[in-house]
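Here are my notes on this one, as promised.

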Amino acid sequence: MSMTIISLRAALQSLPENAPEAVVDHLFASHLLRELGFESEEIHPQYNTGDGAVDKAARRTIGDDIFLHTKSNPYLLLELKGRDVNLSEDAAQYQKTVKQLKNYLLAPNCQTIQWGIITNSCHIQLFRKHGKVIYPATQCLPLDADNIDNVVASIRKKIENPTKALTIALYNNKGGVGKTTTTVNLAAILTFLGKKVLAIDFDPNQQDLTSSLGLPLSKGSVFEALKERNIELQSTLHPYKFPLRKVNSELRFDIIPADRELTDVSENLLRNYFKFPTLYDKLEFSRQEYDYILIDAPPNWRVFSQLAVYAADVVLIPTKHNNLFSLENAAIVMKKFIPEVQSQKGDGSPIPLPIFFNGEKITPFQLEVAQKEINNILKNAQKEGFDLLSYFYPKYTNANRDLRIHELPSYANIAGSAFSRIPAVYRDRSAHEYYKNLAKEYFLQ
Ligand SMILES: Nc1ncnc2c1ncn2[C@@H]1O[C@H](COP(=O)(O)OP(=O)(O)OP(=O)(O)O)[C@@H](O)[C@H]1O
Ligand SMILES: [Mg+2]
């Protein structure tokens, strides 16, 4: 291997203009991985993911466990392309390569993987994997001799300091679709399953999450913490505790309650205090502390929703199969609101997760009607240049025209739980199963 002290920059410059994959591999890949902090014995070429071979897998040596020898617990995958493959974000080959990487990241031998990279030496993009969720950690960045050292250093910094938490905003600008109910019960079930969870009531006008758990409203302290540079949002945490008497223990997750002082503040004034990154910045303390951060947003596209979506890695969008507006609004979130935030944030996040149907009984006939509506929505989106297929029909492939959308059934004990101030999943076996299935469908590996 030509691994003398030639710099990554020089390696890039040595590449022929149309270098095919084998040449990019030979002249560039090892240098890149070295710059990302991996020695040669920490890199495995043609790693068997259990679902095909990925070009490189890498992991730092732990004690005497050398990755090249034990092949165990990979940390990062690299899917390499030649310069003849166009990896700019709007290219079809880019979409295909991302799909390929995602398959590898979810393959059986890749449970421990935290990161995935695609590159052809002209572009590079880093993806984060958290449980089942894969989302961009950078945009797809063009590489050249002038920027490569900085770009690769910034990627290295990310992969060496992975955030523990996945931040999820629950959002649909259609009201009453189950955002708050999903936030509460998802927080509760993830806690039950051993995860450390923070739930944020970011709908100060309705305050439903806070009141459904029987917690006191904040009397100005959340507002202060968001507004003042030197006040930590951490100081506003409130635990929700559910006793497990039989085993003399308790379940506990943390809440940032709604702040009643935020209810009467005008949108204009709020915009003076809060910028898109305000909540994201204030949550810095929590990203190494929790496994999941769930943010309940209000049903409009105003300041609280915007801050919630900006703070998120991914956006979970509840819909109702029999409410056309909830489906159309889901598409608007994907086509308009999320891209608006992405362009401000600049790291490729947040991305939408596929929709689910919440809380309505569905007959086969109604399902057919809903699919017709969705097909129209997809067709119109395509005319505007958006491919939303995988966000509505995540199981659909060309080979397998599977139109299933995850359903969370309608269930009286889910609706009734707010009155008891206890999440339904802690009171009711069926509710417990429904939300466990939701957590498994979207988040848990
Ligand atoms: N799976 C379900 N089964 C039965 N009832 C449900 C279910 N999900 C939500 N509900 C009920 O539907 C109503 C609306 O739900 P929720 O308040 O969670 O929606 P939301 O999207 O947060 O509303 P808003 O837009 O007003 O914030 C509530 O009364 C809730 O109890
Ligand atoms: Mg709500």
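1. Start with Ile-118, which sits opposite Gln-125 of strand 5. Strand 4 and strand 5 (residues 123-130) are antiparallel, paired over five bridges; pairing here takes at least two DSSP bridges between two strands. Helices (H or I, at least four residues) and strands (E, at least two) are DSSP runs, numbered from the N terminus. Three residues lie between the strands of this hairpin, and Ser-121 has a positive phi near 80 degrees.

2. A word on provenance: this is a predicted model, where local features need pLDDT of at least 70 and side-chain atom pairs count only at pLDDT 80 or more, while totals for chains, interfaces and linings use all residues. Residues are numbered from 1 along each chain as its sequence is written, and chains are lettered from A and ligands numbered from 1 in the order in which they are written.

3. Back to strand 4 (residues 115-119): five of its five residues are buried, so the rest of the structure largely encloses it. Buried means 20 or more other C-beta atoms within 10 Å of the residue's own, with C-beta atoms placed from the backbone. Trp-115, Ile-117 and Thr-119 point one way, Gly-116 and Ile-118 the other.

4. Strand 4 also runs parallel to strand 3 (residues 76-80), again with five bridges, and Leu-78 has Ile-117 as its bridge partner. Strand 3, helix 4 (residues 92-105) and strand 4 form a right-handed β-α-β unit: with the strands pointing away from the viewer, the path from the first strand over the helix to the second runs clockwise.

5. Where does helix 2 bend? At Phe-28, by about 45 degrees, taken as the angle between axes fitted to the seven residues ending there and the seven starting there. Phe-28 is among the buried residues of helix 2, as are Val-24 and Leu-32. Those buried residues pack against elements including helix 1 (8-13), strand 3 and strand 4, with contact meaning backbone-placed C-beta atoms within 7 Å. Just after the helix, Gly-37 has a positive phi of about 105 degrees.

6. Then there is an open, mixed sheet of seven strands, ordered 10-11-9-12-8-13-15. Strand 10 (238-244) and strand 15 (351-352) are at the edges with a single partner strand each, so one side of each has no neighbour in the sheet. Strand 8 (residues 166-170) and strand 12 (residues 292-296) run parallel, joined by five bridges; Leu-166 partners Tyr-292.

Terms used. A residue is buried if 20 or more other C-beta atoms lie within 10 Å of its own, exposed if 12 or fewer, and partly exposed in between; C-beta atoms are placed from the backbone. Two residues are in contact if their C-beta atoms, placed from the backbone, lie within 7 Å.
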